[in-house]
Amino acid sequence: EPRSNLHYVQYMLRSGALIREARLRPDAIAATPVSSRVLLEEVASIELGFFRGDQRSEIWQGDALQGLDLMPDMIEMDITFIDGTRLSLATLTGARP
């Protein structure tokens, strides 16, 4: 059966592990298979920041029907590990030229 290349993906912090879960369909039902992968272990906390121009927000709610016009310009992630080590990542989304 033909289907879209879209997947439902979510990330979660569970018991010190950063986990990526993916479902084969964006409108998954209970029987839809779930693929889980541990990305990082021994994580104490994760903080996200979303930038649009010079405005920063800790939350972002987009609208898939609006396309790239409602995407943040940049996303940053600060990860603190149980031993106190910190990792900071930032990436441009490519939403606007």
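In what order do the 3 strands of the open sheet with antiparallel pairing stand? The order is β1-β2-β3, and the sheet is open with antiparallel pairing. The model is predicted, so that local features need pLDDT of at least 70 and side-chain atom pairs count only at pLDDT 80 or more, while totals for chains, interfaces and linings use all residues. Residues are numbered from 1 along each chain as its sequence is written, and side-chain values use heavy atoms, with hydrogens and water left out.

Strands here are DSSP runs (E, at least two residues) numbered from the N terminus, and two of them pair if DSSP finds at least two bridges between them. Because β1 (8-14) and β3 (34-40) stand at the edges with a single partner strand each, one side of each is left without a neighbour in the sheet. Neighbouring strands of this sheet are turned by 25° against each other on average, direction ignored, where the axes are lines fitted to C-alpha atoms and angles run from 0 to 180 degrees between N-to-C directions. Strand β1 is joined to β2 (residues 17-23) by 7 bridges, and the two run antiparallel; Y8 has R23 in β2 as its bridge partner.

**The sheet of 4 strands**

A further open sheet holds 4 strands in the order β5-β4-β6-β7, again with antiparallel pairing. Its edge strands, β5 (55-57) and β7 (86-92), each pair on one side only, and neighbouring strands are turned by 20° against each other on average, direction ignored. Within this sheet, β4 (residues 43-52) and β6 (residues 74-81) pair in the antiparallel sense over 8 bridges, and I46 stands opposite I79 in β6.

**Salt bridges**

A salt bridge is counted where a side-chain nitrogen of Lys or Arg lies within 4 Å of a carboxyl oxygen of Asp or Glu, and by this rule there are 3.

| Side chains | N to O distance |
|---|---|
| R14 and E21 | 3.8 Å |
| R23 and E21 | 3.8 Å |
| E76 and R56 | 2.9 Å |

The salt bridge between E76 and R56 ties together parts that are 20 residues apart in sequence, because E76 lies in strand β6 and R56 in strand β5. Salt bridges that share partners join R14, E21 and R23 into one network. On the scale of relative accessible area (buried under 20%, exposed over 50%, partly exposed in between, with a 1.4 Å probe and protein chains only), E21 is buried at 11%, whereas R14 is partly exposed at 42% and R56 is partly exposed at 39%.
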